[in-house]
Amino acid sequence: MIRAGDRVLLAVSGGKDSLGLLQVLRHLQKKAPLTFDLGVATVDPGIDGFDPAPLIPYMESLGIPYFYERQAIAARAQATLGNDSFCSYCARMRRGTLYRVARDHGYNVLALAQHLDDIAESFLMSAFHAGTLHTMRAHYRVDAGDLRVIRPFIYVRERQLRDFARAAALPVIPDNCPACFRKPTERAAMKALLAAEEARHKDLFRNLLSAVRPLLGAERSPEDGTQ
């Protein structure tokens, strides 16, 4: 996913997943047999009860390039949301801001921290409610062709990231998007369904990974044909 000379911009919300990926990427910078640049961006959507501002001094302490963008996404959603869900709307708006930040500052790769549980939930939501076989892709190029998007944690379980965040004492912002916790969502329903099924079938996520693997996508390196 990461190639020599890449400039990787990591989206950090303040949750355990993105803060965990930050630690992994910083470690890779020191140990991997290739060099790449790493920056971090946070999009503050202006939601009451959600304040990612404590990330600012934390990133300063790490000495990492940091871009903090406050956008009135919540306010715009009230005027333009229509029948769409707030979570979907917010995700699209934040993604657009991240693309812009990456382009403005010369980053060619956007790293996102979704994990295997997210992949499985998205797959079920697509099958149940849209009648399609679709989920988040692991590695792809945006339509404009100038940015690659990577999700390095697609094989990692959410519980592993929770344990890592606790062990590493990461400065996680609790309930890092309160709007998603104020009422039950379809994703929450899928999470509960998967938890119940995994209690009955211990190989559930291994089987789901096999099922969705053709949907994940992989960008081949033009230099050596590897993925």
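Predicted model: local features only at pLDDT ≥ 70, side-chain atom pairs only at ≥ 80, totals over all residues.
Biologist: Which residues touch the most other members of the largest nonpolar core?

Modeller: They are Leu10, Leu22, Leu38 and Met59, in a core of 29 residues. Two or more residues come from each of strand 1 (7-11), helix 1 (16-31), strand 2 (37-44), helix 2 (55-62), strand 4 (109-111) and helix 6 (158-167). Helix 1 gives the most, with four residues.

Biologist: What is Leu10 in contact with, leaving aside its neighbours within four places in sequence?

Modeller: Its contacts are Ser18, Leu21, Leu22, Leu25, Leu38, Gly39, Val40, Ala41 and Ala111. Another core, of 20 residues, lies apart from the largest one, and its members include Ala11, Ile73, Leu98 and Leu110.

Biologist: How are two packed helices described?

Modeller: One gives the angle between their axes and the distance between those axes. Here helix 5 (residues 116-129) packs with helix 8 (residues 204-216) at about 75°, the axes being 10 Å apart. Angles of 65 to 115 degrees count as roughly perpendicular, so helix 5 and helix 8 are roughly perpendicular to each other.

Biologist: Which residues of helix 5 and helix 8 meet?

Modeller: From helix 5 come Leu116, Asp117, Ile119, Ala120 and Phe123; from helix 8 come Phe205, Leu208, Leu209, Val212, Leu215 and Leu216. By type, this contact has ten nonpolar residues, no polar ones and one charged.

Biologist: Is Asp117 buried or exposed?

Modeller: Asp117 has a relative accessible area of 8%, so this residue is buried. Not counting residues up to four places away in sequence, Asp117 touches Val156, Arg157, Glu158 and Phe205.

How values were computed. Residues numbered from 1 in each chain as written. Heavy atoms only, no water. Core = buried A, V, L, I, M, F, W, Y, C linked by side-chain atoms within 4.5 Å. Buried < 20%, exposed > 50% of the residue type's maximum accessible area, 1.4 Å probe, protein only. Contact = heavy atoms within 4.5 Å. Axes fitted to C-alpha atoms, helices over the stretch in contact; angles between N-to-C directions. Parallel < 35°, antiparallel > 145°, perpendicular 65-115°, else oblique. Nonpolar A, V, L, I, M, F, W, Y, C, P; charged D, E, K, R; others polar.
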